[in-house]
Amino acid sequence: MRHLSRRIGFYLVALWASVTLNFLIPRLTPGNPAGSMMARLHGRVSPQSLHALEIAFGITHDPLWSQYLQYLNNLLHGDLGISITYYPTPVAAVIAQEIPWTLMLVGVSLVISFVLGTLLGVLVAWRRNSTLDSLFSPLFTFFSAIPYFWLALILLYILGYLLNWFPINGGYDTTTTVPELSPDFIWSAFQHGILPAFTIVISSIAGWLLGMRNAMITTLSEDYVLMAEAKGLSQRRIMFAYAARNAILPNITSFALSLGFVVSGALLTEIVFSYPGIGYALYQAVENLDYALLQGLFLIIAIAVLGANFLADLIYVALDPRVRLERN
Amino acid sequence: MTSIRPGEDSTATTNKLLEINNISVDYYAASGTVHALNDVSISLERGKILGLAGESGSGKSTLAYAITRLLHPPAVITGGEVLYYPRSSGGREQQRTPRRAITRVPTRPDTTPAPTDAESAGDGNQRGRERSGYQAQNSPGDITEPVDILQLTAAQLRTFRWSELAIVFQSAMNALNPVLNIGAQITDVLRTHRPSMGADSRRQRALELLRLVGIAPDRIRSYPHELSGGMRQRAIIAIALALAPELIIMDEPTTALDVVVQREILELVRALCREFGMALIFITHDLSLLLEIADEIAIMYAGRIVETATNQELLRQPRHPYSYGLLNSFPSLHGPRRKMTGIPGSPPDLRAVPAGCAFHPRCPMAFEACSRSIPMLRASTAETPEQLVACHLYDPRFNSGEIPTSEDFAAKYEANFEAMIGKRRE
Amino acid sequence: MSIPSFEVNLPSSETSEFSSQVHRLRDMWRLVTLNRKVAFGLGILVFFVLVAIFGPIILTKDPNAFSPDILSPPSATHWLGTTQTGQDVFLQVVVGTRVSLLLGFITGLVATIISVVVGLAGGYFGGVIDDVLSMVTNVFLVLPGLPLAIVLAAFLPYKGPLTIGFVTVITGWSWGARVLRSQTLSMRSREFVEASKASGESSMRIIFFEILPNEIAIVAAELLGTIIYAILAETGLEYLGLGDVTTVSWGTMFYWAGNNDAILLGAWWWILPPGLCIAVLGAGLAFINFGIDEIANPRLRKEPGPKVDKISKTREVAA
């Protein structure tokens, strides 16, 4: 419990850091990029929204700490400003609309990638001196270096454009269905999601696979694995309950650490496929210099990644009895 | 009672449990081949305790792992056989029948093994065999058809493991799975080898075992890191006892513990062996422990056995100069004052073992035959034919002089020591 | 009880510190060149470095030059085809190598230096310094890199390699710092450090001359990993248009290709080469890393020895 409460404390600090970074970035960067944008909005939005935006961008002349408090206050009320790209929709609404797509895509891809990568890593480590290992390890090392968006482009080109197996953009077919819980929509969404998911899985799986392989190899030379063998336990039990169960621990840690990286890659993938998620919104925001949207997106992404990290921590504690006691 | 010379007809004595014949193990390293074991042969009887002593690199652990087929590449068994004499008469499959539960019930005099529907650990429907303390060693009717452990198939090996032969590793902390509690580490053996046992009886057995080794029952759900060093070692012993094996191999079980705990564990081991008639191979570099606990002691050097003797014989008259050196390298509480000389030099690099007898560069008794031919393990003297030694001093073909006594050893060691001190002063 | 024994021949010569260092380096070199993975990766790296250095010197034509052959597939005149504005893709890839590599290497180097300083300082000094530094490290570690980089880059007025390099460094140093900190922590309690402290060596000397040399393998791995990260991140940022779109680099090629809907027009030759370069270079660096891993952790190495016979192949037999 002690360990967990320390972690929670840490995430709160990280959360505070993200929020504060968000607050400080517009103020620290030279020039006043948001100013011109504000000028455009003048007279077209309510004074409160305008004021909130001023706070967000640091354009007011209130003292810094006052701005900060107002900013925090706005955040707590869910006010992230008005988006230019999707004017006059508030940023919060834009994000709310797009986040389910990203959560679905990234969530599913991550789970598939991690589970598959870990299992394959176990397999490859078990058959260590076989052709499987000599084939897979270099192959996946290569995969781990492929830039996400390039792979996305290639897949898009070959499987989407050339072979026409999959749709080449969007989250669903806008001409035939609308977002609702109908089989048509679900099928369409599924079809549109395959390529992006495939991209994310291929790009990220190498990390887990190789990480698990290396962890397994180190674990397999431990004495307790030798003892399990001496006990005459079945191969399956040794592999899973003794070796993999221990080897997965560092893998979970590295999973948590690389979440940010994978999420970034997923965002780029969305951009390539024009998938209606956060990534695409990010792209739009950059194109249009929609600062409010940019800031809001960053915050949401940071919160999501922190949340996922915390989840990974929970899983780690559940799996490793040694951390449940107080750390000395 | 003591070891049988290799090659002798072994079916006469039914008490034999294990017969290791001419085992050789090589390690392939990038810098050369290491001959970790050279033509090692030794036997063990049921219920007896065999001690394996030697310095690091003598091959004692390698021998233990070779017997249990736990050696992994780059270690390779290059020859030999390990004959195991199972108890049952009907072949290997019947080894699955559970023996009498391990409880603190006094041994019974009747020793006839009759197939009865004996209960075992609450499991009433299995055919069980009575096994009553160590007197069962003398039970007649044991048809000993030995099995070569090295030739067992994978499936046979898995069945054989732990139910016949268990091994206690040196570092209990490393040998216990950190993510499973010790109860689970006991019951998974039960689940694998006694599939008919229910969860409840498994738990009962686990509690029994913990009680046996002196661990409080509420610790059954403790994780290894929550136990002290001594408790972990006890837990490992409990796991080893789970299937009431015939033979337990202990590899330096007390090295990592402080002397008080060491003593407790030794007493525990001795009591358990006595009570359940288990044979034990006790591996250590600490000869003093073996003198106390072992029935028979084998001393290893550079991958060969250089002497085997009962503990009394060894104490009374060590035959091999190395044995003498080992025995006299720790001070005794009684007896006359003498100079502590130790054995000069250090064990050889196994990639480049000296020609002839591997010990000769360090041996104060060495003569020219020693660097020419490797001595074989044979009876030392006519009076003590069962104390075997691998030394040319006892071979009339090479040594026409007297057979050395302890005083001769002492004198030679001291003289050697003085010579070295003198040389150093120059 | 241990058996007392002592050397008959007293070792009187002392191995000098310098010669042991030389031995260590020589062993490392031998290991490095013998390991196939490292050799393969190094080969790739050397190839790209040579292209980066000599490419623009050998090919003097202007990669930005327009030509009438718009969007043509690879041919004899244009080995990798042309872009929307008739620019030669091959030329662009070769010239872009220098820009991308330079930026990636420098960024990686700077980030690694920061991570070495932070990691070693925190690990060695402990206490409050460590608490503060590791808190900062962990916060940066957990914040998603690319979104942060995007936000920063969007707000900075100047869009170019400096901006991209800067934001990449900010988001890339924390990984190495964390690894080095934990390594230093375990090193600190080792005896040779205690001995140095006892003999009065200053902390700076201990850190840089005692601890750091022992962590060279990890630092090297960190450097390579950070360079991979830098190249990928910078390419990504350039693809989004946050770099200087007038210079030619692998990333800006993607930007223009994306902007001109190269995929929809079927111009695969525009997209494939720069990405392939990144992938191959990244793979090369990853191989070197993989190899260093094997060197540092002997268990990961392929075991030597003959084909083992049936008796001793316990695992395979038991499988």
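**Notes on the model**

1. Strand E8 (residues 279–284) of chain B is largely enclosed by the rest of the structure, because six of its six residues are buried. Buried here means that 20 or more other C-beta atoms, placed from the backbone, lie within 10 Å of the residue's own. Strands (E, at least two residues) and helices (H or I, at least four) are DSSP runs, numbered from the N terminus.

2. A word on the ground rules: this is a predicted model, in which local features need pLDDT of at least 70 and side-chain atom pairs count only at pLDDT 80 or more, while totals for chains, interfaces and linings use all residues. Residues are numbered from 1 along each chain as its sequence is written, and chains are lettered from A and ligands numbered from 1 in the order in which they are written.

3. Which residues point each way from E8(B)? B:Ala279, B:Ile281 and B:Ile283 point one way, with B:Leu280, B:Phe282 and B:Thr284 on the other, and all are buried. In a regular strand the side chains alternate between the two faces of the sheet.

4. E8(B) has parallel partners (strands pair if DSSP finds at least two bridges between them). Strand E3 (residues 49–53) of chain B is joined to E8(B) by five bridges, and B:Leu50 stands opposite B:Ile281. Five bridges also join strand E7 (residues 247–251) of chain B to E8(B), where B:Leu247 stands opposite B:Ala279.

5. Confidence in chain B is worth a look (pLDDT is the predictor's confidence in each residue, from 0 to 100). The chain averages 79, and 82% of the residues score at least 70. Over residues 1–13 of chain B the pLDDT is below 50, and it stays under 50 over residues 89–143.

6. Turning to the interface, 20 residues of chain A are in contact with 22 residues of chain B (contact means C-beta atoms, placed from the backbone, within 7 Å). On the chain A side, helix H9 (223–230) and H10 each supply at least two residues, and H9(A) gives the largest share, six residues.

7. In chain C, helix H4 (residues 127–142) has buried residues including C:Ser134, C:Phe140 and C:Val142. What covers the buried residues of H4(C) includes helix H1 (2–28) of chain A and helix H3 (89–125) of chain C.

Note on methods: A residue is buried if 20 or more other C-beta atoms lie within 10 Å of its own, exposed if 12 or fewer, and partly exposed in between; C-beta atoms are placed from the backbone. Two residues are in contact if their C-beta atoms, placed from the backbone, lie within 7 Å.
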